[in-house]
Amino acid sequence: MKDKLNKFMQGRYGVDQFARFTLGVALFCIVIGSFLRTGIAGEILDMLGFILIIYTYYRILSRNVSARYGENQKYLGYTQNIRNRFDKEKNMMQQRKTHHIYTCPGCGQKIRIPRGKGQKVEIDCPKCHQKFIKRR
Ligand SMILES: [Zn+2]
């Protein structure tokens, strides 16, 4: 069964970030559409989700790899800013577990201090060298 699938997928493009995105939007449309099923909006969302699923599978099963690759690159280019912001946000969340992030009262510079057991620590701002005391 797996062999058959491998053979079937040979020379075809496969799943990329853009496919995951369009499939995600498709599922979102269908879920929201199912809540609004009685109205015309629900029908439109349903239809949109269905079209997006077909489009996603068309791309996954496509043999025109370079065209699909180009579409994915375009998608990655358009979404780079958003994805960077998400990554930054995620990074900050992780750092908050191990570090306190304080803002210098003098210049507004953000300063990372490793978390301690609540003892006071004198912080020397690396930018304007104002000293201030915080708990860490
Ligand atoms: Zn400062």
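This is a predicted model: local features need pLDDT of at least 70, side-chain atom pairs count only at pLDDT 80 or more; totals for chains, interfaces and linings use all residues.
Residues are numbered from 1 along each chain as its sequence is written, and side-chain values use heavy atoms, with hydrogens and water left out.

Helices (H or I, at least four residues) and strands (E, at least two) are DSSP runs, numbered from the N terminus.

**Helix α4 and its partners**

Helix α4 covers residues 65–78. Its 14 residues reach 20 Å from first C-alpha to last, close to the 20 Å expected at 1.5 Å a residue. The expected span is 1.5 Å times one less than the number of residues.

Which residues of α4 are buried? They are R68, N72, Y75 and L76. They cover an arc of only 100 degrees around the axis, which puts them on the same side of α4. Buried means under 20% relative accessible area, exposed over 50%, and partly exposed in between (1.4 Å probe, protein chains only). The arc is that of the directions from the helix axis to the C-beta atoms. On the other side of α4, S66, K74 and Y78 are exposed.

The buried residues of α4 pack against α2 (17–35), α3 (40–60) and α5 (80–98). Two of these pairings are set out below.

| Pair | Axes | Angle |
|---|---|---|
| α2 and α4 | within 8 Å | roughly 70 degrees |
| α3 and α4 | 10 Å apart | about 125 degrees |

α2 and α4 are therefore roughly perpendicular to each other. Q17, F18 and F21 in α2 meet E71, N72, Y75 and L76 in α4. The residues of this contact divide into four nonpolar, two polar and one charged. Here contact means heavy atoms within 4.5 Å. Ala, Val, Leu, Ile, Met, Phe, Trp, Tyr, Cys and Pro count as nonpolar, Asp, Glu, Lys and Arg as charged, and the others, Gly among them, as polar.

α3 and α4 are therefore oblique to each other. Y55, Y58 and R59 of α3 make the contact with R68, E71 and N72 of α4. By class, it has two nonpolar, one polar and three charged residues.

The buried residues of α3 are G42, G49, L52, T56, R59 and I60. Seen down the axis of α3, they fall within an arc of 115 degrees, so they line one face of the helix. The face turned away from that buried side carries the exposed residues I40, E43, I44, M47 and F50. The cover over the buried residues of α3 includes α1, α2 and α4.

In helix α1 (residues 2–9), the number buried is zero of eight residues, so α1 lies largely in the open. Just after α1, G11 takes a positive phi of about 75 degrees.

**Strand β4 and the segment after it**

I133 lies in strand β4 (residues 131–135). Is I133 buried or exposed? At 58% relative accessibility, I133 counts as exposed. Beyond its neighbours within four places in sequence, I133 is in contact with K120, V121 and E122. Its C-alpha atom is separated by 5.6 Å from that of V121, twelve residues apart along the chain.

R136 is found in the segment after β4. R136 is partly exposed, with a relative accessible area of 26%.

How values were computed. Axes are lines fitted to C-alpha atoms, for helices over the stretch in contact, and angles run from 0 to 180 degrees between N-to-C directions. Angles under 35 degrees count as roughly parallel, over 145 as roughly antiparallel, 65 to 115 as roughly perpendicular and the rest as oblique.
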